[in-house]
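Hi,

Here is the structure I promised to pass on.

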Amino acid sequence: MNYQSIMICIVNHGQAEEMLTELRPFNVAGGLVLQGEGTYRNKILSILGLDETRKEVLFLPVDNHFLPAIFAMFQEQFNLDRRHKGVAFTIPMIRYKEDRLISPGDQVDPGQFNEACLFVITDHGKSRDVVDYAEELGVRGGTIIHGRGAGLPLHLAFDIQITPEKDIVFMVTESKKLPSLRSHLIDRLQLDERGNGILFALPVLDTVGFYQEKGGRV
Amino acid sequence: MNELQSKLREVSQSILPIIFYVVFCSLVFVPVDPVNIWRFLVGSFFLFIGLAIFLWGVDQSMAPIGIQMAKFLASSKTKFFSLAFAFLLGFLITVAEPDLLILGQQIEEASAGAIEARFFVILVSAGVGLMISFGALKILINHPWRKLFTLAYFLIFILAFFASNEFIAFAFDASGATTGAITTPFILAISLGLSKMKGGNSENDSFGLVGTMSAGPIIATLLYSAFLGSSTRMEGAPLVIEEKGVSAVFGALGHLFTESLLALLPIAILFFFLNFVRFKLNKREIITIVRGLIYSLIGLTFFLAGANEGFMDMGKILGTGLVKQGPVVLVILSFILGFLVVSAEPAVLVLGKQVEEVTGGYLNAKIMGRTLSIGVGIAVALSTLRIVLPSLEIWHILLPGFALAIALSWYVDDLFVGIAFDAGGVASGPMAATFVLSFAQGIANDWPTANILSDGFGIIALIAMTPVISILVVGALVKVQSKSEETQDRELAEPRTIRTLPALEEGPKFYDLLVVTLPHGGADRLVEVARNLGATGATILHGRDERGKQWAKYRLALDPQRDFVWFLVESDRSDALADSLTKEVILGEAPRVMILPVHSEAGLSAFGSMPDED
């Protein structure tokens, strides 16, 4: 199989299995399903604390050849072109297992990508701040995944390793907004200080499901 | 679909079946006074609203508070302090439980003042505190759950020999009363927090503490009874179904609010005190927690009003009325009632969600729910069977039942042991204590050969036992299947350090994102290998693989859990790192490595713990 991209799909909780079944003809293999949180923007619900939605995040290697068909299927079967139904986007790979897809030394030309996916890895509990700070610049809708760092042995009463919990926030935005968003987030989250978090962006090839109203998605 | 809709749907799915079933029974089998039907329906509405609000509240308050407390507990510098703090937590959450005080007063009356209600409450709370300390110790020193449960239940059996039948019933009821709506989610969050602190492959530790806790009151009560040696004789009062109007449901709100507030206060006070001296959470987190506490309070008040005023009398009416249907129909109807009622227990939804999250979706909430339903259905059916067959004693069921549970626990995976014993505590919640208990009492009241006191009680003990077995049976099926399906060797291979990465070149740096997937539990080994090679700053995620419905047939047998590890690496070293990692064999598989280009525009690469390029 020639996998050239990673497709990331964010769907409502419980829909991953259904989507994977529909994706079977397109030969996706070796992917992963993670539990995530979406951020639902609604003033009233936000005050009530109901703005967290459970999502499932799919990471799947795909063959670019199949992408138009996959996206068409998403619109047809899962109504991804409508609001709140989920989103999907693809990120190019440099290498998949043993296959080098872009020769070493060649940098991926950022100019050819109109959109990018910004990732912020930060301490557990700060993810909502990240989403809020991004919104200050009009970048809306982030998805949060909970992860952890590697354990650090500490000298405590019990012989346990304390593993730092980490949140990963990611959001898709236009490439041209990246520089300002980057400096804004570095500023607000004090990312230039060691240990406060990491921020990076991956180029996005193609998207489906980003609702364009009010300049953002979902 | 937004969150509000999805939560309401979740709650409807848990509550509507039992409401329809009760209405069905009252139309087909039992003529019920319209006033009581209306009271039940208003109660159902309160139950619905209350459960929904309560669950939102628990998510936002009990869960984060429990996790903070667990962190505090685990990061202490002395063992004594850790264990003393665990004892304090267990003691505080139990001592304020309103159901326990009511039970204490019943015992005080029954023993003609020989046992004082307050003393009983303190005794049981101390029992819970002690068990929570043991449980926390177990998690922190990495012992399997099965040993702890075997020991605890062995002790219970020995003590039960010396106790009177009434005390045995009281002991199990006390256990049911301590695993209330507030305590269970809180203790679940504590185990989750402790296991998160340990990281790695510590799912086993996310469950089991509720099960441990519920053994505390049983041991404490039986021990006391053994010391006291008094055989109390109690007269069962005849069952009265009070004539109340619909307004009774509203009238109950006031005192239930006070009760709920009392139950919540100790945790809240301890949390705010510790937050002031230690946690120092930010404003957003505090607001969320305060809001969550208010939700929990309001939700619990409405839920209890619905359960106490709407469901309790309906249970009695149904129990009394169904007696005329004869033993066979009665047992079948009891099974269905138990099957449907358990999903309305608040803590069941909390446990199901936690199981799903901790196993990365491997064991989903639906499977948990079905298994619990079957377990509780069997419990209620057995309890009815016991009432109609006078020769069947509670011990004829409890003894082999718990013996089977302990035997199974030595066979199945320790994760299932923890979940199973937790499920026992979770299933014997407020709905069991109000609706199911009064249903059983109703049957016992009207069945000619039954005694309302000794036969009506004991149902809580059964509800606390059968889900343990049903979940352990699922665990055993998983084990049997996975043994025949998979014979692959999952031994940890020694890391082979191959070579170090090329030296960094001077000049502007570009980064790549290395994404590695491997079987769950191997992430720490992978990070160690990568560290030896000179790569730092890994983030580990936990999910399941994409086999989807392909493995639906064997969905429990195949373990689809995967670890997902991300590294940010300089572009000129990413290939070499990928080569080295692919050559490792971790848990019987070569890690699957993918490299993604990090956007380099505007110098946007990586910083923070990464070397800065400026």
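A quick definition before the helices: axes are lines fitted to C-alpha atoms, for helices over the stretch in contact, and angles run from 0 to 180 degrees between N-to-C directions. Helices are DSSP runs (H or I, at least four residues), numbered from the N terminus.

This is a predicted model, where local features need pLDDT of at least 70, side-chain atom pairs count only at pLDDT 80 or more, and totals for chains, interfaces and linings use all residues. Residues are numbered from 1 along each chain as written, chains are lettered from A and ligands numbered from 1 in written order, and side-chain values use heavy atoms, leaving out hydrogens and water.

In chain B, α15 (residues 346-358) packs against α16 (residues 365-388) at about 135°, with the axes 8 Å apart. That makes α15(B) oblique to α16(B), as the angle is neither under 35 degrees (roughly parallel), over 145 (roughly antiparallel) nor 65 to 115 (roughly perpendicular). Residues in contact (heavy atoms within 4.5 Å) include B:Leu351 and B:Val355 of α15(B) and B:Met368 of α16(B).

Now the nonpolar cores: sets of buried Ala, Val, Leu, Ile, Met, Phe, Trp, Tyr and Cys joined through side-chain atoms within 4.5 Å, buried being under 20% relative accessible area (1.4 Å probe, protein chains only). The largest has 173 residues, and B:Ile18, B:Met69 and B:Phe186 touch the most other members. Helix α13 (residues 283-322) of chain B gives the most to this core, 14 residues. A separate second core, of 35 residues, includes A:Tyr3, A:Val57, B:Leu513 and B:Met594.

Cheers

Terms used
Buried < 20%, exposed > 50% of the residue type's maximum accessible area, 1.4 Å probe, protein only. Helix = DSSP H or I, 4+ residues; strand = E, 2+ residues; numbered from the N terminus.
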